[in-house]
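My notes follow in the order I looked things up.

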Amino acid sequence: MKYPGIIFASVWPPVAVVLILLGLWHFVVVAFSIPEFLLPTPWLVLQTIDEQWPRLIAATGRTATATLVGFGLSAVIGIISGSLLSLVSLARRGVYPLTLLLQMVPLVAIAPMLVIWFGYGLPSVIAAACIVSVFPVIAGTLDGLQSVDAGLSEMFKIHGASRVRTWWSLGLPWSLPSVFTGLRIAAGLAVIGAIVGEFVGAFGGDQAPLGAIITSALKQNQTPTVFAAVALAAMLGFALFGVVNLVGWLLLGRWHESAR
Amino acid sequence: MTEVNVRLHGVQKIFPGGVEAVAAMDLELSPGRVTALLGPTGCGKSTLLRLIGGVETPTAGSIEIEPEPRIGFCFQEPRLLPWRSVRRNVALPLELAGASSDSCRIEADRRLEMVGLGDAAEFLPAALSGGMRMRAAVARAFIADPNLLLLDEPFAALDEVTRLRLDEEVASLVRKRSITALLVTHSIAEAVFLADEVVVLSPRPARILDRFAIPFDERNAALRGQEGFARLQSRIYDVLLAGMEGGT
């Protein structure tokens, strides 16, 4: 099958499911005369996006900035931390269980603290996106590095490679598939972290990102605006997931099953 | 090439948990020649090779290797990095030793030509057959001009025809360079074909049961059909069998 055919074959099933769900949603709202402040039709959500386009796209840009910086930080911190934990067994035994706290503590509970520590605006939102998305990257990196083939490690040892050289030339490439599994999960979590961070710590008015638009629209019963902002946040998550997948495919596609 | 002397003095290896793999062993490898360690599966012969290669440390005794060796290692599996091209896999030992990328490429291409893989330099290991991967591993073992070659049942997983062909190629490469080589195998025919001396080991813990000097000058396909080749195999088999029956 040629490439356009392969792409079409993989794209049409989810598109068909989405269209069917949107149709059902529209039908339910119209058939049961549900008021728009409870549940707007998908068409009304689209109209709202169109009407408020300049404001919503600017808000999406702000949320995207916080998400990307937070995700980038969690990727760098996650890979470095996972690598250090794999290299130093005492640190792994002592610190790794504590990193689970990042996963266990609800972000909503600590978001106000982030505002106190980092102030209102972008820094606290970035911190929220980073904190919520860093654990899967640490876990993915550590799992990958600990599953390196023992025979290959032995070969590097025989040839006198240092631990850092072995990490760079063997451990890191070997663990890339599981690092990318962690990054894919982190991509979605970073958007969630940014939106939750914006609920608590973002500026409103002209500077409002999507999270702040959602909270202010909710207070004013502007449900179509809430749905429009949520739809754009979801698209942001999809786009980031897609970019991570694409980079993973470029790096792994030639040699690893997971990227074919 | 300077020939390497390898001497083992009372070498013993006990693994954590109490398993004794090698019992106080004295052994000297003939410099510039091939020695085969032959023994039943699990007798400790691979451990002995790993001790000489410095991968394991002896529990007791000492290993003397002089002068400082350049070790080439060929394992039971090809151990190729799946993300690297065949050329970059072969060049890995040089790269780890800090050689320039130009010399890595030139040397890797020379070794690939040597094992008949000149056309496959750009391929990834997944694109090669089992025999071709093993050839690439042989090329990698020779990349740093080793004066001590350690072969750990390198062709055990291959079909008979490929295995015999690779045996002939390795025999020719080792003899041309006067490399001190140690071959670990459980195949009597392979040991007799490749080695100048065969050391027969007992079941675990490895002890030397007997040593056989191999008198053949030429190592080619015709050797396998000679009566002397079969007779020697039969004598070694008897020693091996007696050792196994004595050990059980």
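Predicted model: local features only at pLDDT ≥ 70, side-chain atom pairs only at ≥ 80, totals over all residues.

**Entry 1: pairing in the sheet.** Glu197(B) stands opposite Ala213(B) in β9(B). I then checked the two strands as a whole. β8(B) and strand β9 (residues 208-213) of chain B run antiparallel and are joined by five bridges. I followed the chain from β8(B) to β9(B) and found a hairpin of six residues joining them.

**Entry 2: another partner of β8(B).** I looked at strand β3 (residues 34-38) of chain B next. It pairs with β8(B) in the parallel sense, over four bridges. Within β8(B), Val199(B) is the residue opposite Leu37(B). I asked myself: how many of the five residues of strand β8 (residues 197-201) of chain B are buried? I counted four, so the strand is largely enclosed by the rest of the structure.

**Entry 3: the whole sheet.** I traced the strand order in chain B as β5-β6-β7-β3-β8-β9. These six strands make an open sheet with mixed pairing. Which strands are at the edges? I found β5 (71-74) and β9 of chain B there, each pairing on one side only. From one strand to the next, the twist averages 15 degrees. I also checked strand β6 (residues 148-152) of chain B against strand β7 (residues 180-185) of chain B. They pair in the parallel sense, over five bridges. Asp152(B) faces Val184(B) of β7(B) across that pair.

**Entry 4: domains of chain B.** I turned to the domain assignment. It gives domain 1 (5-70 + 147-247) and domain 2 (80-145) for chain B. Their centres, taken over C-alpha atoms, are 26 Å apart. I looked up the contact between them: 11 residues of domain 1 of chain B meet 10 residues of domain 2 of chain B. On the domain 1 side, helix α6 (residues 160-177) of chain B gives the largest share, five residues. I sorted that side of domain 1 by class and got eight nonpolar, one polar and two charged residues.

**Entry 5: nonpolar cores.** The largest nonpolar core has 73 residues. Which of them touch the most other members? I noted Ala36(B), Leu38(B), Leu183(B) and Val198(B). Helix α5 (residues 130-142) of chain B supplies the largest share, seven residues. Both domains of chain B give residues to this core, so it lies between them. I picked out Leu38(B) and left aside its neighbours within four places in sequence. Its contacts include Val198(B), Val199(B), Val200(B) and Leu201(B). Ile236(B) and Leu240(B) are also among them. I found a second, separate core of 54 residues, which includes Ala59(A), Ile79(A), Ala186(A) and Leu240(A).

Key
Residues numbered from 1 in each chain as written. Chains lettered and ligands numbered in written order. Domains from an automatic or database assignment. Contact = placed C-beta atoms within 7 Å. Nonpolar A, V, L, I, M, F, W, Y, C, P; charged D, E, K, R; others polar. Core = buried A, V, L, I, M, F, W, Y, C linked by C-beta atoms within 7 Å. Buried ≥ 20, exposed ≤ 12 C-beta atoms within 10 Å, placed from the backbone. Pairing = 2+ DSSP bridges. Axes fitted to C-alpha atoms, helices over the stretch in contact; angles between N-to-C directions.
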